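Colleague: Could you take a close look at one part of this model with me? I'd like to go through the aromatic rings.

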Amino acid sequence: QETLMYAVDECATDALVSGVSEHALEMIAQPTLDVEAINEDAVTLVFGIQVRPEVELGEYTNLGIKKESTRVLKKDVEDRIAKLQERFAENELKEEGTVENGDTAVIDFEGFKDGVAFEGGKGTNYPLGIGSGAFIPGFEEQLVGMATGETKDITVTFPENYQEATLAGKEVVFKVTVNEIKTKVLPEYNEELVKMANIENVTTVEEYEAHIKEEIKKVKEQDAETKYANDCLTAAVENATVEVPQVLVDEEVNRQFENFKYRLEQQGFGFEMFSQMTGQTEEIVREQMATDALNTVKVRLVLDAVAKKEGIEVTEEMIEAEFALLATNYNMPVEEVKKYVSVDAVSYDLRLDAAKAIVLKK
């Protein structure tokens, strides 16, 4: 028996390779193997193979999608000027009047639950921006109208998902005293303010407005291009018929999750710390990625089908040019890049890029 099973193992790989080649199958997962019959003369092997699904393309060109306007509006410029003024705004002591939205109230506060002070609920000379949303919902709103030196009891309810379980969903009372009120004073929009922005070759109001118009235009163009591409690809996918195997979605989730962990590490902390800070487990994060992963796989399958239908071919010259570009982008020798990126991966990406260009062509 052991000798027979050894023989099966020996011939299974050859049989699989031969069968896949003969039927031109595109496997997308590790195949399963079942020995249906076996004796000293012959063996019948049954392979379970998941293949790349068939895609029935619908309309994928001339989709009637228009790119959004990238015209710079007067309000766009006014908003950027307002942000510049906010950036260099100063807080001045309000000698008279009461707390208003946008002011900073310097307060003493102490929180009580059922008449007993709770830990972490006390502060002295705390500068609270009214409208910042920094405190429990309802807290800042109840400070509006208070005068300097005034003391007031403020009743609020902690959110149900508050991190401290003993306070979550509970009603508490804060005894609050307003020590000072500071109001924001915006600087005048003039040449002096423009110079404070410290932008190269920009010293006048006219130069500043020309500069921000150019910046706004670039951002709008990038956003419009991204939205147009997403809308076209979404339409092409919706017009197609494709059933996505779960194994492809799982692979894409794995890829996205590994990229997410890498980005966290680049920022100086790992997934474990992220999980402790946010309460999100790996399972939760993966579930959140699943929908996007499904859409990503659908787009790839549809673009792959477009590439086949359009007869797109990737030449060796195109592949080498892409490797050269990657080498430049990563500041690495081409041969070093080839150790990390396969020719098949580059070829596949180039095919999909060419197919995408057909879908996006106006």
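Are Phe 271 and Phe 274 buried or exposed?

Modeller: Both Phe 271 and Phe 274 are buried. Bear in mind that this is a predicted model. The two sit in helix α7, which runs over residues 271-278, and they are three residues apart, about one turn of the helix. Phe 271 and Phe 274 also form an aromatic pair, with 5.7 Å centre to centre and 40° between the planes.

Phe 109 and Phe 135 pair edge-to-face, at 5.4 Å centre to centre and 80° between the planes. Here the pair links distant parts of the chain, 26 residues apart: Phe 109 belongs to strand β4 (residues 104-113), while Phe 135 is in the loop between β5 (116-129) and α3 (139-143). Phe 109 and Phe 135 are both buried too. They also belong to one aromatic cluster, together with Phe 118, Tyr 126, Phe 139, Phe 158, Tyr 162 and Phe 174.

While you have the model open, look at helices α6 (residues 246-266) and α8 (residues 282-309) as well: their axes come within 7 Å and cross at roughly 120°. The two helices are therefore oblique to each other, and the crossing is right-handed. The residues of this contact divide into twelve nonpolar, three polar and six charged. On the α6 side they include Phe 257 and Phe 260, and on the α8 side Met 289 and Leu 294 are among them.

Terms used:
Residues are numbered from 1 along each chain as its sequence is written. This is a predicted model: local features need pLDDT of at least 70, side-chain atom pairs count only at pLDDT 80 or more; totals for chains, interfaces and linings use all residues. Side-chain values use heavy atoms; hydrogens and water are left out. Axes are lines fitted to C-alpha atoms, for helices over the stretch in contact, and angles run from 0 to 180 degrees between N-to-C directions. Helices (H or I, at least four residues) and strands (E, at least two) are DSSP runs, numbered from the N terminus. Angles under 35 degrees count as roughly parallel, over 145 as roughly antiparallel, 65 to 115 as roughly perpendicular and the rest as oblique. A crossing is left-handed if the near helix is turned anticlockwise from the far one by less than a right angle, and right-handed if clockwise. Contact means heavy atoms within 4.5 Å. Ala, Val, Leu, Ile, Met, Phe, Trp, Tyr, Cys and Pro count as nonpolar, Asp, Glu, Lys and Arg as charged, and the others, Gly among them, as polar. Rings of Phe, Tyr and Trp (its six-membered ring) pair if their centres lie within 6.5 Å; planes under 30 degrees apart count as stacked, over 60 as edge-to-face and the rest as tilted. Buried means under 20% relative accessible area, exposed over 50%, partly exposed in between (1.4 Å probe, protein chains only).
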